[in-house]
Amino acid sequence: METERYLLDAMLGKISTYLRMCGYDAAYVLDRGVEADARLLEIAREERRTVPTRDRALAASAPDSVLLESRTVHKQLRELVDAGLDLTPAKTPTRCSRCKDCGQHFWKGSHWDDVSKTLSEL
């Protein structure tokens, strides 16, 4: 089964880290130097990514999107769970929490426990 792929808009950088730690392929537009919605939509189509966003117009324009209405990370994570995402941290890290293709080895850093605690409270 193919891993779900996400492209998070500029307002959701912290959410990308949580998704990566749960094993999702979660790209963050600012990591790619992208700010324009038109380019974000182009990438989402090309790479077949769902676009989590707080921007209603962007969500309406994306081929597949998840509109998040909350402003806090915890509530945004709750909205993702309500939308059907499994936000259980991977037992063994499969993706770097800071980038997509750094080629580094993955390990449970000091932030792993904090992230796990936050996710368990959802």
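**Reading burial and cores in a predicted model**

Author: R20 lies in helix α1; helices (H or I, at least four residues) and strands (E, at least two) are DSSP runs, numbered from the N terminus. This is a predicted model, in which local features need pLDDT of at least 70, side-chain atom pairs count only at pLDDT 80 or more, and totals for chains, interfaces and linings use all residues. Residues are numbered from 1 along each chain as its sequence is written, and side-chain values use heavy atoms, with hydrogens and water left out.

Reader: Is R20 buried or exposed?

Author: Buried means under 20% relative accessible area, exposed over 50%, and partly exposed in between (1.4 Å probe, protein chains only). R20 has a relative accessible area of 4%, so R20 is buried.

Reader: With which side chain does the side chain of R20 make a polar contact?

Author: A polar contact is a pair of N or O atoms within 3.5 Å; within protein, one must be able to donate a hydrogen and the other to accept it, and residues adjacent in sequence count only if both atoms are side-chain atoms. The partner here is the side chain of D31, at 3.4 Å.

Reader: Which residues of helix α4 are buried?

Author: Within α4 (residues 73–82), they are Q76, L77, E79 and L80. They line one face of the helix, because they fall within an arc of 155° seen down its axis, the arc being that of the directions from the helix axis to the C-beta atoms. K75 and D82, on the other side of α4, are exposed.

Reader: Which residues have the most contacts inside the largest nonpolar core?

Author: A nonpolar core is a set of buried Ala, Val, Leu, Ile, Met, Phe, Trp, Tyr and Cys residues joined through side-chain atoms within 4.5 Å. In the largest, of 18 residues, they are L8, L19, L80 and L87.
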